[in-house]
Amino acid sequence: QGQLVESGGGLVQSGGSLRLSCRTNGFTTDNYVMGWFRQYPGKEREGVSCINTSDGSAYSADSVKGRFTISRDNAKNTVYLQMNSLKPEDTAEYYCAAGISWITTEQDMCRKVEQISYWGQGTQVTVSA
């Protein structure tokens with residue numbers, strides 16, 4: 001059974017940066033759409049950024065465009081989320097996810113939060129004012 005192992009969350013001041021990493025365990029990133037989602041307390045999980053690991057095409061939510069960048073290293077079976085210019089409203093639990101690329105696209109998986117085969121355990125990001 002596959003797993004996603006996340007790392008990189010933490011506490012940072014407003015305007016600072018963090019990089020989240022998500023490594024697959026038990027499967028390779030080939031033929032998957034990988035993405036990052038976040039969840040505020042009491043709210044539904046929402047898509048932040050998603051990427052097709054085969055061709056690198058990516059989607060990002062309007063709220064993070066220009067600040068967050070998703071990337072992948074297929075040789076390491078790892079996806080990254082570089083988060084710059086962080087704001088207090090970015091404070092949330094961040095989850096990595098994987099969906100099969102012939103079932104979903106980076107845009108659909110992020111916008112609809114569906115067709116997801118694997119979820120990571122979550123990592124907390126806290127941005128202080």
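The entries below take the bonds one at a time.

**Basis.** I worked from a predicted model, in which local features need pLDDT of at least 70 and side-chain atom pairs count only at pLDDT 80 or more, while totals for chains, interfaces and linings use all residues. Residues are numbered from 1 along each chain as its sequence is written, and side-chain values use heavy atoms, with hydrogens and water left out.

**Count.** I found two disulfides, taking a disulfide as a pair of cysteine sulfur atoms within 2.5 Å.

**Cys22 and Cys96.** I noted a disulfide between Cys22 and Cys96, with an S to S distance of 2.0 Å. Cys22 lies in strand E3 (residues 18-25) and Cys96 in strand E9 (residues 92-100), so this bond ties together parts that are 74 residues apart in sequence. Strands (E, at least two residues) and helices (H or I, at least four) are DSSP runs, numbered from the N terminus. The torsion about the S-S bond is about -80°, so I recorded the disulfide as left-handed. Cys22 is buried at 0% relative accessibility, and Cys96 is buried with a relative accessible area of 0%. Buried means under 20% relative accessible area (1.4 Å probe, protein chains only).

**Cys50 and Cys110.** I noted a disulfide joining Cys50 to Cys110, S to S 2.2 Å. Cys50 belongs to strand E5 (residues 46-52) and Cys110 to helix H1 (residues 106-112), so the pair links parts that are 60 residues apart in sequence. This link is right-handed, with 90° about the S-S bond. I found Cys50 buried at 0% relative accessible area and Cys110 buried at 2%.

**Pairing.** With the bonded cysteines numbered in sequence order, I read the pattern as 1-3, 2-4.

Methods:
Buried means under 20% relative accessible area, exposed over 50%, partly exposed in between (1.4 Å probe, protein chains only).
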